[in-house]
Amino acid sequence: MSAIVFKIHSDFYYVKNSDGIEFECKMRDVLKKRHVDICVGDFVELSEDKNFIIERKERFNALLRPHVANIDCAVIVCSLKEPELNLIQLNRYLTYLKYFNIEAMVCFNKLDLDTSSHKEINEIYENLGYKTFFTSAKNKSGIHEIKKNIKDKTIVLCGMSGVGKSTLLNALMPYANAKTANVSKGNLKGRHTTRHCEIKEYDDFKIVDTPGFSCLKFDFLLPNELIDLFDDLKVYKNNCKFSDCLHNSKEKGV
């Protein structure tokens, strides 16, 4: 029987079949010996007794962090305030998703705390070809526009801790009951409220809620591959007089 993994806890995999029936199962030892990696979003085959995963089906995409598979789109959630908007981190997320060839949208949340930079930010990222949304998940403003763009899709919410992913999830899916917490007053940084990846289903879309994290690693990427992930820069790649140019500030005469 075929199923999809919607949650993983410890060594247990929680899956749903096409009828929406849930099963708790484990991975066959033979898969472990073959070092088969199974994550949330994977399509799998179950044993006859429904107690074991016996096969992972081919993925059409996957992310290393958050570790999810077979998603249609990623929505990067940023906060305009509390914590302060971090464009460098946002650009890292966009670069990361570009590498894995996954469509990205950007949600600038907490519009109730700051509207001053709305137009300027919108121009930057829309001109780069990204769909942008400005929301106040707390007040549920801007939510309808996101729903229109994620209809019939499985999306993943990603972003730093404290930007309002869980509050946004509750606004998009009123029955999600995701835990939320205020930003720490001591250091103005977010607190982790989501502890694991889990697919949550609504009427006409699915969302993978993920734990927030502050650091993306690019240890799988060679320096000369980086420029191809920036559409606005790679058009100049072949015009540089240095064939091995990395287009960074240390190079002279580029």
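A residue is called buried under 20% relative accessible area, exposed over 50%, and partly exposed in between. With that rule in hand, select Glu145, which counts as partly exposed because its relative accessibility is 38%. Lys148 and Glu145 are three residues apart in helix H4, so about one helical turn separates them.

**Confidence**

Before going further, note that this is a predicted model. The protein chain has an average pLDDT of 85, and 87% of the residues score at least 70. Colour the chain by pLDDT and find strand E4 (residues 43–46), which has the highest mean among the elements, 98. Helix H6 (residues 231–234) has the lowest, 79. Now select residues 183–194, over which pLDDT stays under 50. Where pLDDT is low, the predicted coordinates should not be read in detail.

**The nonpolar cores**

Next, select Leu63, Ile76, Leu90, Leu94, Phe108 and Val208. Of the 32 residues in the largest nonpolar core, these touch the most other members. Strands E1 (2–9), E8, E9 and E11 (154–158), together with helices H2 and H3 (118–127), each give two or more residues to this core. Which element gives the most to this core? It is H2, with five residues.

Centre the view on Leu94. Leaving aside residues up to four places away in sequence, Leu94 touches Ile76, Ala104, Val106, Tyr125 and Tyr130. Apart from this core lies another, of 20 residues, including Ala137, Ile143, Leu157 and Ala171.

**Backbone features**

Most residues other than glycine have a negative phi, and most peptide bonds are trans. The next four selections are to be viewed with that in mind.

- Select Arg65 and Pro66: the peptide bond from Arg65 to Pro66 is cis, with omega near -5°. Pro66 is in the loop between strand E6 (62–63) and strand E7 (68–69).
- Select Glu82 and Pro83, which are joined by a cis peptide bond with omega about 0°. The loop that holds Pro83 runs between strand E8 (73–79) and helix H2 (87–99).
- Select Lys50, in the loop between E4 and strand E5 (52–56). Its phi is positive, near 65°.
- Select Asn101, in the loop between H2 and strand E9 (104–109). Phi of Asn101 is also a positive value, near 60°. Is Asn101 buried or exposed? Asn101 is exposed, with a relative accessible area of 71%.

**Salt bridges**

The model has 10 salt bridges. Select Glu103 and Lys153, whose side chains meet in one of 3.6 Å, N to O. This pair links distant parts of the chain, 50 residues apart: Glu103 is in the loop between H2 and E9, and Lys153 is in the loop between helix H4 (143–149) and E11. Glu103 counts as partly exposed, at 35% relative accessibility.

Then move to Lys234 and Asp231, which form a salt bridge with the closest N and O atoms 3.5 Å apart. These two are three residues apart in helix H6, so about one helical turn separates them. Lys234 is partly exposed at 36% relative accessibility, and Asp231 is partly exposed at 37%. Elsewhere, salt bridges that share partners join Lys16, Glu22 and Glu201 into one network.

**Last stop**

Finally, select Leu233, Val235 and Tyr236, which make a nonpolar surface patch of about 310 Å². Tyr236 is found in the segment after H6.

Key
Residues are numbered from 1 along each chain as its sequence is written. This is a predicted model: local features need pLDDT of at least 70, side-chain atom pairs count only at pLDDT 80 or more; totals for chains, interfaces and linings use all residues. Side-chain values use heavy atoms; hydrogens and water are left out. pLDDT is the predictor's confidence in each residue, from 0 to 100. Helices (H or I, at least four residues) and strands (E, at least two) are DSSP runs, numbered from the N terminus. Contact means heavy atoms within 4.5 Å. Patches are made of residues with over 30% relative accessible area and no salt bridge: like charges are joined within 9 Å, nonpolar side chains (Val, Leu, Ile, Met, Phe, Trp, Tyr) within 5 Å. Accessible areas come from the Shrake-Rupley method with a 1.4 Å probe; for residues, only the protein chains shown count as cover. A salt bridge is a side-chain nitrogen of Lys or Arg within 4 Å of a carboxyl oxygen of Asp or Glu. Buried means under 20% relative accessible area, exposed over 50%, partly exposed in between (1.4 Å probe, protein chains only). A nonpolar core is a set of buried Ala, Val, Leu, Ile, Met, Phe, Trp, Tyr and Cys residues joined through side-chain atoms within 4.5 Å.
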